Amino acid sequence: MVSARSVDRQLDACFSNLMVSSGGGRGQAETGGAVPMLSGWKDLPMELLMRIISVAGDDRIVVVASGVCTGWRDALGWGVTNLSLSWCQQNMNNLTISFAHKFTKLQVLTLRQIKPQLEDSAVEAVANYCYDLRELDLSRSFRLSDRSLYALANGCPRLTKLNISGCSSFSDSALIYLSCHCKNLKSLNLCGCGKAATDESLQAIAQNCGHLQSLNLGWCDSVTDEGVTSLASGCPDLWALDLCGCVLITDESVIALASGCPYLRSLGLYYCQNITDRAMYSLANSCVKSKRGSSSKDVDGLANLNISQCTALTPPAVQAVCDSFPSLHTCPERHSLIISGCLSLTNVHCACGLQRHRAGSALQATSHAY
């Protein structure tokens, strides 16, 4: 934990830098200007305090400074909108409970943990006081239960980004409830939430969160085509979808995404071994449809595709996808078509990779000629 003395030293340094950069201090005295006389840090104008805190760039200082006096607490409570406690290795739960009522204007809060600390009581405190919260990271919070999701649904309806990856205790009923109340969600990370991410919860998300743009369902192994096809029809703005490890999905999921999500830019299919060439050709054809159906320059197709361990795919089908989407690259510098574990696909090349391959072959032929 940061000591008050350490905070004083850092604030002194930041204050001195600000005075120099703004022409204060010695320059003002020489020109006859008034030099502010501060008897202590508590006399600082609130605007200057916020500038010093922003220059310090350390969220630990923000937390400690909020306990100096009521003036500082109120100023920081109104002025701080972005806070991270990921640096806290111990007692994050109690710290979160103690500061939640001070920072009521928070819009972005990161509570990512290296080892599990957070409990439902901390999330409930955040939900009770931080009504304006838009982005919340609770990843690796293994101790949380459905109580946390219910609290967020009731207390933070303006959430647009939620990361609960690794929170394996959440149920699909709690996630369904959340989707009914947090309808502005644009980014949702459910990686490893096998109990929460089911076809039923995905159907609720598709019905309630129509503006969703990014969804991570990595290793949610109960998800089937039924859930993914619901997303494709209900969330047309999806541009990033990770289905890595969703071993039950088939070509039907990819076909639905290809026709229902024209803005899809990133698709993860790692270890989805039921995916065949039919899915690849549907993606390749979707590029043609998107370009014909839209005059927007933003519609440029897939830029990232992970088909590692999709061993049923053949080179012609994958090459068709690569040819259809110029942003997909197999060359090392811009590697965005990931095919590791698929030995039969090693001869698939992007346009620039193919040129390099041909140049290398020509050079080798020339050297043999001599």
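**Note on the predicted model**

1. Asn91 is exposed, with a relative accessible area of 54%. The residue sits in the loop that runs between S1 and helix H6 (92-100). Asn91 is not a glycine, yet its phi is positive, at about 60 degrees.

2. Trp219 has a positive phi of about 65 degrees although it is not a glycine. Its place is the loop between S6 and H11. Is Trp219 buried, partly exposed or exposed? Its relative accessibility is 46%, so Trp219 counts as partly exposed, the range for that class lying between 20% and 50%.

3. On the overall make-up, the protein contains 15 helices and ten strands. Of its 370 residues, 47% are buried. The protein exposes about 17,600 Å², and carbon and sulfur atoms supply 51% of that area. Taking the contacts between residues at least 6 apart in sequence, 79% join residues at least 24 apart.

4. Strand S6 (residues 214-216) and strand S7 (residues 240-242) are joined in the parallel sense over three bridges. Leu215 stands opposite Leu241 in S7. Strands of a sheet pair through backbone hydrogen bonds, either parallel or antiparallel.

5. Next, the helix packing. Two packed helices are described by the angle between their axes and the distance between the axes. For helix H8 (residues 146-155) and helix H9 (residues 172-181), the axes come within 8 Å and cross at roughly 10 degrees. The angle is under 35 degrees, so H8 is roughly parallel to H9. H8 contributes Asp146, Leu149, Tyr150, Leu152, Ala153 and Asn154 to the contact, while H9 contributes Ser173, Ala174, Leu175, Tyr177, Leu178 and His181. By class, the residues in the contact of H8 with H9 are eight nonpolar, three polar and one charged.

6. Helix H10 (residues 199-208) and helix H11 (residues 225-234) pack with their axes 8 Å apart, at an angle of about 5 degrees. This angle makes H10 roughly parallel to H11. Which residues make the contact? From H10 they are Asp199, Leu202, Gln203, Ile205 and Ala206; from H11 they are Glu226, Gly227, Val228, Ser230, Leu231 and Gly234. The contact of H10 with H11 divides into five nonpolar, four polar and two charged residues.

7. H10 is mostly covered, with seven of its ten residues buried. These are Asp199, Ser201, Leu202, Ala204, Ile205, Ala206 and Asn208. What covers the buried residues of H10? The cover includes H9, strand S5 (187-189) and H11. Among the buried residues, Asp199, Leu202, Ile205 and Ala206 also belong to the contact with H11.

8. Val123 is found in helix H7 (residues 120-129). With a relative accessible area of 2%, Val123 is buried, the cut-off being under 20%. Apart from neighbours within four places in sequence, Val123 is in contact with Leu138, Leu144, Ser148 and Leu152. The C-alpha atoms of Val123 and Leu152 are separated by 7.5 Å, although these residues are 29 residues apart along the chain. Leu152 is also one of the H8 residues in the contact with H9.

9. Asp323 lies in helix H14 (residues 315-324). Is Asp323 buried or exposed? At 56% relative accessibility, Asp323 counts as exposed, since the class begins over 50%. The C-alpha atoms of Asp323 and Ala351 are separated by 7.3 Å, and the two residues are 28 residues apart along the chain.

How values were computed: Residues numbered from 1 in each chain as written. Predicted model: local features only at pLDDT ≥ 70, side-chain atom pairs only at ≥ 80, totals over all residues. Heavy atoms only, no water. Axes fitted to C-alpha atoms, helices over the stretch in contact; angles between N-to-C directions. Helix = DSSP H or I, 4+ residues; strand = E, 2+ residues; numbered from the N terminus. Parallel < 35°, antiparallel > 145°, perpendicular 65-115°, else oblique. Contact = heavy atoms within 4.5 Å. Nonpolar A, V, L, I, M, F, W, Y, C, P; charged D, E, K, R; others polar. Pairing = 2+ DSSP bridges. Buried < 20%, exposed > 50% of the residue type's maximum accessible area, 1.4 Å probe, protein only. Areas by Shrake-Rupley, 256 points an atom, 1.4 Å probe, with all protein chains shown as cover.
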